[in-house]
Amino acid sequence: MDLDLVEKNCTSSIFDLLELHGIGHSGGSLSVLQVLISLYFEIANVDSTNPKWPQRDRIVLSKAHATEAMYAVLAEKGYFEKTRFGEYLRLGSDIQGHVEISTPGVEYSGGALGQGITFACGLAYAAKMRQETHKIYAVLGDGECHEGSVWEAAMFASHYKLDNLFIVIDNNHYADHGDVDEMMNLQPFEERWEAFGWETKFIEEGNKVSSISDALRGFEKADKPKCVIANTVKNYGVPMWEEKHLHQVAGDLLTEGVKQGRRLLHAR
Amino acid sequence: MLDKIELGKMREAYADTVIELAKTDPDIVFVSVDCGSHEREFFRKEGKGRLIEVGIAEANSAVVAAGMASEGFKPHVLNFAYLIERMYNQISQSIAQDSYDVKIAAYYAGIWGIGGRSHNCIIDLSMMRALPNFTIFTPADYWETKAIVKKANSINTPTYVRLSGVPTPQVFEKEPDFSPVRVMENGDSCTIFCHGTMVHESLMANKLGDLNAHIVNVSQIKPLPKQEILKEARKTGKVIVVEEHSKIGGLAEAISSLIIENEPMPMKAIGVDDIYPLSVLMEEPDVYKYYGISSEDIIKTVDSITGYENRPANFFSSYNSNTGD
């Protein structure tokens, strides 16, 4: 599979979705895209023609506002047709403003942060109880780790030795209103996850699919849940949004940014 | 029924029943938040991971349970009623929204408890009623708790069971069949809808005050059994709702909406004011009176709605409202 092409197509779909609806979470969608591509196209054992296949790996998007990235990847993977992008945010649609299980391929209906990882703990615990071998992947934001419930889940996962649970943190350094560590310092971030009993890896190139996949494949320790902290760039691929660390875009800024992003995408 | 008051613990009936159900259903797991008694011990001994202790982490308990339910397990989650507040967003987003089969039971609901204002919870029904997809039950005693826990377990969507934390008077002699609405005593002066501990209090008021009231135990608060409630209200044309709960958001508000929208008739509510209840010892005699939900309050309210004016001024000094003697 040509993952470069997948990435190009998905980035293009994100721009399509933003343009179609005139508003969206550009920042977190463009930072997390490569994480989702790694999971859905390389790492996780999933079947888009049979989304509820019992032996599938489960992928939980805890930062459920990254809808544009998620819908782009799900459509690219074949869970639904891209022609359905127009239904996103429309009244009565099952393609919602935070990802929900009504959309094929989505495992958890998120929104309020800090719960997807806990839900994933439940999935991982259930798999252990049933002696099933599928894996659970949860994708979090770094700002989300301000939530106390993330650390309740972190304790739970290591206490119960949930080595079938993998989380990837989209470490894009910015929350809605500024620098994550300036708001509430998460450092030493990697050491904190280690201290909570997780086998943890930090990767510099978090917007590179192969780096994420390599990290997810490279875990070694039995009995420990796994954490990848992926250093990413918010609004990756659209410099005029990157420099402003935007969370959401709308209006002229959206139109101009999409133009810039598409131009750079063609040049890649 | 009220000649001799026997006490029973709803909390114990809950534990016994969950154990009974779990013996034949391996998908039942118990999610503990540093909580539980012999049911916790049962699941611990069963092994195979069926006791899921999350530690003192309420938020986590609700969402772990949701995850387990999404994989086909039937998690029973037990906690203090006041801690529903601590789990509320988790219950809403992770359990209610996708209607996962999580069985929540909460004890120490109501005004009783040494814990004081932080621990005594009279707003749990207000919170839980507001959540779509939940079915809500309020057992009246030990025996009805058994029937209700079984009923809740048989439903494949989220349920909430409200339990008192202290021994409560028995109003049933044995485990009844589940019924969302049950006529406890027939009468024609007015219809008293009540739930939980207030079923006994209403029966006592009926006897002591010679009220001839129509006493109806509402065991299912949501979905509200509307037609049954209207039918029982219609029999007397006057309605009183009694509950050990805040006047805001409980059964009284549910029934008043129903009555106003369908068949307006005189109605009064007996409940706890908009306050945080204080610490109280079990031995304290006049707790219900202190909060305005005693048999005496019920008798006075019935008199006011029926227009009865011949009760002697010294009537309430002639009986002990706590024991019924």
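These legends describe close-up views of a predicted model. Local features need pLDDT of at least 70 and side-chain atom pairs count only at pLDDT 80 or more, whereas totals for chains, interfaces and linings use all residues. Residues are numbered from 1 along each chain as its sequence is written, chains are lettered from A and ligands numbered from 1 in the order written, and side-chain values use heavy atoms, with hydrogens and water left out.

View 1. Helices (H or I, at least four residues) and strands (E, at least two) are DSSP runs, numbered from the N terminus. Axes are lines fitted to C-alpha atoms, for helices over the stretch in contact, and angles run from 0 to 180 degrees between N-to-C directions. Angles under 35 degrees count as roughly parallel, over 145 as roughly antiparallel, 65 to 115 as roughly perpendicular and the rest as oblique. The crossing is right-handed. A crossing is right-handed if the near helix is turned clockwise from the far one by less than a right angle, and left-handed if anticlockwise. From helix 5 of chain A, Ser149(A), Glu152(A), Ala153(A) and Phe156(A) take part. They meet Glu58(B), Ala59(B), Asn60(B) and Val64(B) of helix 3 of chain B. Contact means heavy atoms within 4.5 Å. Four of these contact residues are nonpolar, two polar and two charged. Ala, Val, Leu, Ile, Met, Phe, Trp, Tyr, Cys and Pro count as nonpolar, Asp, Glu, Lys and Arg as charged, and the others, Gly among them, as polar.

**View 2. Helix 1 and helix 6 of chain B.** Helix 1 (residues 10–24) and helix 6 (residues 142–154) of chain B pack at about 40°, with axes 8 Å apart. These two helices of chain B are therefore oblique to each other. Their crossing is right-handed. Residues of helix 1 of chain B in the contact include Met10(B), Tyr14(B), Val18(B) and Leu21(B). Among their partners in helix 6 of chain B are Tyr142(B), Lys146(B) and Val149(B). By class, this contact has seven nonpolar, three polar and five charged residues.

**View 3. Helix 7 and helix 11 of chain B.** The axes of helix 7 (residues 197–208) and helix 11 (residues 295–306) of chain B come within 8 Å. They cross at roughly 60°. That makes helix 7 of chain B oblique to helix 11 of chain B. The crossing is right-handed. Helix 7 of chain B contributes Glu201(B), Ser202(B), Met204(B), Ala205(B) and Leu208(B). Helix 11 of chain B contributes Ser295(B), Ile298(B) and Ile299(B). Five of the contact residues are nonpolar, two polar and one charged.

**View 4. The largest cavity.** The structure holds five cavities of 30 Å³ or more. The largest has a volume of about 80 Å³. On a 1 Å grid over the protein atoms alone, a cavity is a set of points where a 1.4 Å probe fits but cannot get out, and a pocket is an open set with protein on both sides within 12 Å along at least five of seven lines; lining residues have an atom within 4 Å of a point. Grid points are joined across faces, edges and corners, and a volume is the space filled by probe spheres set on the points. The lining of the largest cavity includes Met10(B), Arg162(B), His195(B) and Glu244(B). By class, this lining has four nonpolar, five polar and two charged residues.

**View 5. The second largest pocket.** About 250 Å³ of space lies here. The lining has 19 residues. His65(A), Leu113(A), Glu144(A), Ala175(A) and His247(A) lie nearest the centre. The lining divides into four nonpolar, nine polar and six charged residues.

**View 6. Two cis peptide bonds.** One cis bond joins Gln187(A) and Pro188(A), with omega about -5°. Pro188(A) sits in the loop between helix 6 (180–183) and helix 7 (189–195) of chain A. Another joins Lys222(B) and Pro223(B), with omega about -10°.
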